[in-house]
Amino acid sequence: MQASYSLDPKAIIGAIEEWYDENRLRNMLEDEEKVLLVAVVDEQVVGFSDSVITGENTAELLWLHIDPDYRGEDIGIELFKATQNHLASLGAGNLRGRVLADNAGGNAFYKNRGLEKVGEEEVTIDGTPYVENVYAEVESERMEEIEGEDGVVYVDHQSEETGSIAPFHVVYTDPSGEEIYGYWCSKCHSLANAMDAMGRIQCDECGNARKPTRWDAAYL
């Protein structure tokens, strides 16, 4: 992380302790919705990916990190492909990813893998707000046009995120899926576009809620 970001060292240490301490790792390994893969060279772990299945056909790549000494050897590309294929084998064929806006390498990596930037969200790390870019595989023909408060918006019915009552679908401002507008609750067919810093979404109509993801994601 120190090789990839200009984050304060205290923020890096705090993030690692919060998200990857021993107890959390144990819970992650026991969680059927979580996928952790490692890249190994000469019996040494040199990289890992952390993903979560968020809906019936959707997953998010939360983290992909390669040891700085092994970057430039296509290990990250192979790990990404392995992660993508494994998630697809579990039925999660639609992949989304998140990366801090100031991580030039991480943003370029997603673009080179064919994903498109579909929106921005604000995340807070150690009390400081940062802009996080969201990437996704976008196909315009799978969009449904509906009327929103600010005009016509587009629901992607192939991109789901698990809710407490029913799935949420991602909503875009345009049919090409270039900017996220919010989420569409499949329980009451209403829009929900309020999200807190941890990624929580709640439908005001029926109370359907999406659990939070995490503070940051998908770094190289």
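**View 1. Strands E3 and E4 pair in parallel.** Strand E3 (residues 58-66) joins E4 through 4 bridges. Strands are DSSP runs of E with at least two residues, helices are runs of H or I with at least four, and both are numbered from the N terminus. Two strands count as paired if DSSP finds at least two bridges between them. Ala59 stands opposite Leu95 in E4. From E3 the chain crosses through helix H3 (residues 75-89) to E4, in a right-handed β-α-β crossover. Right-handed means that, with the strands pointing away from the viewer, the path from the first strand over the helix to the second runs clockwise. The model is predicted: local features need pLDDT of at least 70, side-chain atom pairs count only at pLDDT 80 or more, and totals for chains, interfaces and linings use all residues. Residues are numbered from 1 along each chain as its sequence is written, and side-chain values use heavy atoms, without hydrogens and water.

**View 2. Strand E4 (residues 94-100) is mostly covered.** Of its 7 residues, 7 are buried (under 20% relative accessible area, 1.4 Å probe, protein chains only; exposed is over 50%, partly exposed in between). Asn94, Arg96, Arg98 and Leu100 point one way. Leu95, Gly97 and Val99 point the other way. In a regular strand, side chains alternate between the two faces of the sheet.

**View 3. E4 also pairs with strand E6 (residues 128-136).** The pairing is antiparallel, over 5 bridges. Gly97 stands opposite Tyr135 in E6.

**View 4. Five strands form an open sheet, in the order E7-E8-E9-E10-E11.** Pairing is antiparallel. E7 (143-148) and E11 (190-192) stand at the edges with a single partner strand each, so one side of each has no neighbour in the sheet. Within the sheet, E8 (residues 151-161) and E9 (residues 168-172) share 5 bridges. Asp156 stands opposite Val170 in E9.
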